[in-house]
Amino acid sequence: MATVNLLGAMRMGASVLGASASIMSVLGILVATSMTVVATASAEDSATALAEQSRSIFGVLPADMATSDRPTTEARVKLGRQLFFDPRLSKNHDISCNSCHQLDNFGVDGQATSPGHRGQRGDRSSPSVYNAALHTAQFWDGRAADVEEQAKGPVLNPIEMAMPSQKAVLTVIQSIPGYRPLFANAFPGESQPITYDNMGIAIGAFERKLVTPGRFDRFMSGDLDALTTQQQEGLRTFIEVGCITCHYGPTVGGLTYQKLGLIKAYESEDPGRFKVTGNESDRSVWKVPSLRNIAKTGPYLHNGSVEQLDDMVAIMGRHQLGMELSPTQVKSIVTFLNALTGEADVAITQEPALLPSGPDTPAPDPS
Ligand code: HEC
Ligand code: HEC
């Protein structure tokens with residue numbers, strides 16, 4: 001049947017179109033036909049090949065993001081979780097890390113920018129904390145080396161948690177009796193375990209447990225039914241058009257810095273990594289974001305300016321790859337991106353009961 005159609009098309013091509021155009025179209029049909037035949041004859045082989053190819057591009061998402069320097073001991077994770085959810089680390093006792101990085105909402109708050117102390121907003125969007133410990137550095141512009149260093153920032157940031165000083169933070173922690181044994185267990189052998197650095201290390205240890213494996217990982221490890229045919233098709237498109245030149249590795253991004261508007265300029269007021277390095281060549285350069293859970297973490301870009309995932313994909317095609325993706329390609333890629341939604345371990349991410357304040361715990365300060 002396919003042969004008859006093909007011959008018919010060849011005849012039509014030869015009679016209706018000019019010679020070179022007909023050769024082009026016949027070649028196109030031949031390629032399309034042979035691809036269809038291969039696909040139906042060995043759908044399983046090609047899924048196997050796709051899974052293998054994907055494993056080599058993306059690698060394996062670890063179950064735990066500890067390193068030898070930064071262990072995720074049970075005691076540190078327990079303390080880190082407590083701190084992550086504790087609003088008393090903010091000036092008015094109303095904002096915790098979880099306010100902007102909601103762990104039951106894929107680690108984001110779903111807003112373009114996030115309200116901090118007294119409702120103030122910065123000009124960047126809250127990225128997810130899930131899987132973030134694997135990134136080459138932290139923040140959109142990579143200005144913190146790791147999650148431990150990063151965690152020390154927001155507490156003192158005047159428009160986020162707005163604590164006046166490290167000392168003020170330690171006064172609060174010391175005033176809450178339940179923290180003393182938690183710090184002592186998390187940092188055994190230290191005579192003064194309650195320090196600002198240790199707060200960052202404990203929160204970091206907790207964040208190193210925040211991984212969200214899902215169907216994509218099951219597919220890569222050989223469970224070929226974990227992705228639907230449409231999702232596999234989208235993955236192929238994602239690979240073929242070149243998204244993987246930037247979005248690769250276990251977090252599907254997060255490993256390199258790239259210019260937004262690499263091929264075609266993209267309007268944005270924020271100079272990006274230029275603010276960190278002062279190098280002209282770093283203008284509009286950003287850490288390539290992870291695409292894990294991307295269907296759940298909009299709005300998109302460093303400033304939260306793009307609402308819809310399909311628009312975002314088309315923008316990437318146009319500005320990062322210099323191509324107009326067809327609506328079918330965009331849809332296909334979005335279908336794959338939806339398969340990057342994973343699951344967190346609720347035993348780790350569940351909000352703990354607040355440790356009771358002590359008699360000396362400072363009062364909230366709304367000023
Ligand atoms: C008021 C909202 C807000 C609060 C509170 C907040 N963050 Fe963030 N967080 C942000 C924003 C916005 C960014 C991105 C800023 C940038 O890149 O310049 C960010 C970035 C991060 C990142 C970097 C992720 C990545 O992919 O680069 C991590 C990790 C993180 N925050 C963890 C925390 C922790 C831990 C706390 C509590 C100590 C916290 N945040 C408190 C808004 C907040
Ligand atoms: C040349 C590198 C590069 C290529 C190629 C590329 N991206 Fe990106 N991508 C980036 C950078 C850099 C950002 C972040 C820009 C910003 O926030 O201003 C980004 C952001 C995104 C975002 C938004 C992430 C978020 O959390 O807001 C999505 C979705 C995305 N890319 C998907 C894709 C898809 C799909 C393709 C292929 C069609 C692709 N990208 C190709 C570098 C690239």
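Author: Helices (H or I, at least four residues) and strands (E, at least two) are DSSP runs, numbered from the N terminus. The model discussed here is predicted: local features need pLDDT of at least 70, side-chain atom pairs count only at pLDDT 80 or more, and totals for chains, interfaces and linings use all residues. Residues are numbered from 1 along each chain as its sequence is written, while chains are lettered from A and ligands numbered from 1 in the order in which they are written.

Reader: How many helices and strands does the protein have?
Author: The protein contains 367 residues, of which 36% are buried (20 or more other C-beta atoms within 10 Å of the residue's own, against 12 or fewer for exposed and partly exposed in between; C-beta atoms are placed from the backbone). Its elements number 15 helices and two strands.

Reader: Among contacts between residues at least 6 apart in sequence, what percentage joins residues at least 24 apart?
Author: Two residues are in contact if their C-beta atoms, placed from the backbone, lie within 7 Å. Among contacts that span at least 6 places in the sequence, the share joining residues at least 24 apart is 70%.

Reader: In which loop is serine 125 placed?
Author: Serine 125 is buried, with 25 other C-beta atoms within 10 Å. Leaving aside neighbours within four places in sequence, serine 125 is in contact with Ala112, Thr113, Pro299, His302, Asn303 and Gly304. Its place is in the loop between α5 and α6.

Reader: What distance separates the C-alpha atoms of serine 125 and glycine 304?
Author: Gly304 is one of the contacts of serine 125. Along the chain, the two residues are 179 residues apart. Their C-alpha atoms are separated by 5.3 Å.

Reader: Which residue does a cis peptide bond join to glycine 298?
Author: The omega angle of this bond is about -5 degrees.

Reader: Is asparagine 131 buried or exposed?
Author: Asparagine 131 is found in the loop between α5 and α6. Although not a glycine, asparagine 131 has a positive phi of about 65 degrees. With 26 other C-beta atoms within 10 Å, asparagine 131 is buried.

Reader: In which loop does alanine 162 lie?
Author: Alanine 162 has a positive phi, near 65 degrees, in a residue other than glycine. Its 20 C-beta neighbours inside 10 Å make alanine 162 count as buried. Alanine 162 lies in the loop between α6 and α7.

Reader: How many of the eleven residues of α4 are buried?
Author: The buried residues are Arg76, Val77, Leu79, Gly80, Arg81, Gln82, Leu83 and Phe84. They pack against α5, α8 and α9. Helix α4 is therefore largely enclosed by the rest of the structure, and its buried residues number eight.

Reader: Are α4 and α9 roughly parallel or roughly perpendicular to each other?
Author: Helix α4 (residues 74–84) and helix α9 (residues 196–207) pack at an angle of about 100 degrees, with their axes 7 Å apart. Axes are lines fitted to C-alpha atoms, for helices over the stretch in contact, and angles run from 0 to 180 degrees between N-to-C directions. Under 35 degrees counts as roughly parallel, over 145 as roughly antiparallel, 65 to 115 as roughly perpendicular and the rest as oblique. The two helices are therefore roughly perpendicular.

Reader: Which element gives the most residues to the largest nonpolar core?
Author: A nonpolar core is a set of buried Ala, Val, Leu, Ile, Met, Phe, Trp, Tyr and Cys residues joined through C-beta atoms within 7 Å. The largest has 40 residues, and Leu83, Leu89, Ala202 and Ile203 have the most contacts inside it. The elements giving two or more residues to this core are α4, α6, α7 (166–175), α8 (179–186) and α9. With six residues, the largest contribution comes from α9.

Reader: How many residues are in the second, separate core?
Author: This core includes Leu227, Val313, Leu325 and Ala339. Its residues number 25.

Reader: Which element supplies the largest share of the shell around ligand 1?
Author: The shell has 26 residues (C-beta atom, placed from the backbone, within 6 Å of the molecule), and the closest are Cys97, Cys100, Gly116, Phe139 and Pro154. Both α5 (97–100) and α6 (147–156) supply at least two of its residues. The largest share, five residues, comes from α6.
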